[in-house]
Amino acid sequence: ETRIGGIAAARIAAFAAEEAKVYAAARPRTRAALAAGAEPWLAGVPMHWMRDWPQPFPMLVAAAKGALIEDLDGHRIDDFCLGDTGSMFGHSPAPVARAIRAQAGAGLTYMLPTEAALQAGQLLCDVFGPMRWQVATTATDANRFALRVARAVTGRRKVLVFDGCYHGTVDDAMVCLEGGKTVSRPGLVGQVEDLSLVAVAVPFNDLAAVEQALAAGDVAAILTEPVMTNSCMVLPAPGFHDGLRDLASRYGAVLILDETHTISSGLGGYTRVHGLKPDIFVVGKCVAGGVPTAVWGLTPEIAARFAAYDATRPSGHSGMGTTLSANPLQFAALVATLSQVMTPANYARMEAGAARLCAGLSKAVSRRKLPWHVVRVGARVEFICAPGPLRNGFDAARAHAPALEAALHIGLLNRGCLIAPFHNMMLISPATTRAQIDRLIAAFDAVTAQLLE
Ligand code: PMP
């Protein structure tokens with residue numbers, strides 16, 4: 001009998017089929033609306049990731065506020081996905097909604113800064129450190145631009161990434177390890193270039209492999225998350241970040257920390273909480289409370305090196321920036337978020353809630369004697385359907401159990417709890433209540449009990 005994560009594969013399939021029926025039966029309005037209106041979209045959805053949820057058809061959202069999301073059929077669901085971090089501070093935080101309303105009648109995009117931009121710049125320095133900042137619209141773009149700067153100031157070609165990483169749809173980072181070699185990821189659509197020409201992948205937590213790659217002398221930048229959050233979560237081993245910093249400096253590579261998910265760690269992100277020293281700092285998604293915004297900051301030293309480069313480069317397009325970036329709506333939302341939403345008090349609530357969730361899920365896992373584990377990075381909690389701890393992307397890929405996870409996700413959704421698709425991440429916002437957390441723990445307990453029947 002095949003077992004996945006300690007659970008019979010046949011039972012998983014039967015449970016998932018039953019839950020899919022329950023989901024569909026509870027959503028007549030959603031079904032009718034999709035039947036009448038989905039066709040104009042490619043493959044029926046406005047962004048193809050929306051097909052990757054475990055439900056048989058997408059949930060149409062009617063409204064969301066705080067940590068609650070309501071679908072077209074009137075189901076009120078506790079939202080622990082929170083737009084996969086875009087709404088980590090809750091849906092429509094009041095200060096952000098007010099700031100958007102105030103700006104809404106005064107122009108939405110000008111390609112010129114506002115006075116609020118100046119305020120936002122100071123707030124970015126206060127919260128994340130004395131960097132020299134730029135605004136982009138997505139974390140993907142911020143990472144792309146950071147990579148250009150790293151290549152410009154070093155005159156080198158490659159980016160070093162960790163096997164199993166994700167930094168948005170940054171082409172150059174879309175590599176993985178296969179039999180010890182860096183290759184383009186197999187699923188990439190329309191990929192014509194061999195990405196191993198511009199990237200090298202090594203295992204996370206492996207400083208010897210990092211050093212070996214850097215010794216080739218062609219690495220412009222190390223691009224990493226402080227914690228690998230886009231596979232099953234992999235925590236850095238003690239000393240790993242100090243080692244990375246040392247190696248980057250020793251071999252002249254720029255260290256880019258992508259805090260787009262680890263901003264869950266606490267005020268200022270993992271970098272500030274753990275005293276890390278990146279050369280370039282990137283954060284997107286929730287940094288403006290859900291208004292599409294990302295920021296990237298250079299240390300004064302990298303900024304000076306870039307200024308010297310910039311002064312002598314040939315004229316013409318830089319390859320950086322997008323027309324709608326650094327717009328007044330972003331500044332209004334940034335100021336509101338940085339000054340009134342990303343507060344120590346809110347982070348304390350998130351931390352306490354996440355600790356409660358982590359403890360509750362861990363207890364359920366051990367009570368049911370499941371060979372699973374639970375990890376937490378501040379407000380971000382994940383259950384992993386395999387034993388831990390995981391050391392790198394290889395371990396994480398082996399721990400990933402798509403069929404089991406999909407069954408769990410739809411089971412949780414039918415019991416009123418939405419968690420992120422693709423992996424098992426749950427986020428606690430400042431608006432998330434204890435009652436919501438306890439409902440999720442109870443739903444998790446109920447679903448695992450049924451899967452073990
Ligand atoms: N960096 C990290 C660490 C991410 O997790 C993601 C998205 N999951 C991105 C960058 C890209 O963000 P976006 O899709 O908003 O460009």
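Modeller: A compact globule of 453 residues would have a radius of gyration near 22 Å, and the protein agrees, with 22 Å. That radius is taken over C-alpha atoms; the globule rule is 2.2 Å times the number of residues to the power 0.38. This is a predicted model, where local features need pLDDT of at least 70, side-chain atom pairs count only at pLDDT 80 or more, and totals for chains, interfaces and linings use all residues. Residues are numbered from 1 along each chain as its sequence is written.

Along the principal axes, the C-alpha atoms fill a box of roughly 65 × 55 × 45 Å. The protein has 14 helices and 18 strands. Both are DSSP runs numbered from the N terminus: helices are H or I with at least four residues, strands are E with at least two. Of the contacts with a separation of 6 or more, 75% join residues 24 or more positions apart. A contact means two C-beta atoms, placed from the backbone, within 7 Å.

Now the interior. Buried residues make up 49% of the 453. Buried means 20 or more other C-beta atoms within 10 Å of the residue's own, exposed means 12 or fewer, and partly exposed is in between, with C-beta atoms placed from the backbone. The largest nonpolar core has 138 residues. Such a core is a set of buried Ala, Val, Leu, Ile, Met, Phe, Trp, Tyr and Cys residues joined through C-beta atoms within 7 Å. Leu160, Ala221, Ile256, Ile280 and Val282 have the most contacts inside the core. Helix 10 (residues 328-341) gives the largest share, nine residues. Domain 1 (3-79 + 344-451) and domain 2 (94-341) both contribute, so the core lies between them. The domain bounds come from an automatic or database domain assignment.

Take Ile256. Leaving out residues up to four places away in sequence, Ile256 touches Ala146, Ala150, Ala221, Ile222, Leu223, Pro278, Asp279, Ile280 and Val282. Three of the core's most connected residues, Ala221, Ile280 and Val282, are on that list.

For contrast, look at two loop residues. Met111 is found between helix 3 (94-104) and helix 4 (115-128). Its phi is near 60 degrees, positive although Met111 is not glycine. Met111 is exposed, with 10 other C-beta atoms within 10 Å. Lys369 lies in the loop between helix 11 (344-367) and strand 15 (373-377). Phi of Lys369 is near 55 degrees, also positive. Lys369 counts as exposed, with 9 C-beta neighbours inside 10 Å.
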